[in-house]
Amino acid sequence: MPPMTEDMWKDTAAKFEQRANFPHCFGAIDGKYIRNIKPSGTGSQHFNYKHYFSIVLLPIVDSNYKFVYVDIGSFGKDSDSTIFKNSTFWNLLQKNELNIPESCPILNTNINADYVFVVDEAISLSQHVLRPYEGRNLTKNKRISSIHLYVLRTSEQEDCKISRGPGPLVPTNFLLFPVTPIF
């Protein structure tokens with residue numbers, strides 16, 4: 001993974017604005033369940049709400065359909081929010097160690113805004129995490145904003161399809177072998 005510098009983030013945000021007309025956005029975050037056969041001795045840790053055993057891939061994808069960050073291997077039973085909050089990325093984000101640029105005016109406006117990652121409703125809001133509005137009785141502006149965030153997140157979902165090519169990402173069932181550290 002390349003070093004996360006302020007220039008890298010600004011370049012990523014500029015590309016998002018150019019391609020998606022959404023300023024100050026770094027990427028989309030969403031968990032993907034990868035089906036597997038139940039690892040022995042794990043009980044129901046890998047059993048997810050979709051009723052199969054899995055591990056979770058939690059990528060952050062930029063506007064070029066490239067992974068900026070990937071957390072893989074969390075238990076299938078864990079929610080996206082739990083996985084995100086337990087990730088090294090979240091810890092670095094909370095400690096302000098990602099070199100994220102300071103908030104600044106959006107181009108051609110007087111609106112000062114933070115740089116953000118877009119997520120679905122499963123992940124909670126924070127200074128640099130933006131999610132759609134909840135509920136059905138939204139104002140027109142809130143509804144449009146939520147649709148725009150949905151479209152941005154779709155880029156992340158499409159990346160998982162693009163990166164795997166034709167056919168499934170992994171076989172329907174595969175074995176996860178326990179790894180014993182040798183140090």
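Does Arg131 count as buried or exposed, and at what relative accessibility? Arg131 counts as buried because its relative accessibility is 16%. Buried means under 20% relative accessible area, exposed means over 50%, and partly exposed lies in between, with a 1.4 Å probe and protein chains only.

This is a predicted model, where local features need pLDDT of at least 70, side-chain atom pairs count only at pLDDT 80 or more, and totals for chains, interfaces and linings use all residues. Residues are numbered from 1 along each chain as its sequence is written, and side-chain values use heavy atoms, without hydrogens and water.

Start with the chain. Four helices and eight strands make it up in part. Their order from the N terminus is α-β-β-β-β-α-α-β-β-β-β-α. Helices (H or I, at least four residues) and strands (E, at least two) are DSSP runs, numbered from the N terminus.

Now return to Arg131. It sits in the loop between strand S8 (129–130) and helix H4 (140–164). Val116 is 15 residues from Arg131 in sequence, and their C-alpha atoms are 9.7 Å apart in space.

Next, the whole chain. Of its 183 residues, 39% are buried. Take the contacts (heavy atoms within 4.5 Å) with a separation of 6 or more: 56% of them join residues 24 or more positions apart. The chain exposes about 11,100 Å², and carbon and sulfur atoms supply 54% of that area.

Last, the cysteines. Cys25 is buried, at a relative accessible area of 0%. Cys104 is partly exposed, at 24%. The structure holds zero disulfides (pairs of cysteine sulfur atoms within 2.5 Å).

Methods. Areas by Shrake-Rupley, 256 points an atom, 1.4 Å probe, with all protein chains shown as cover.
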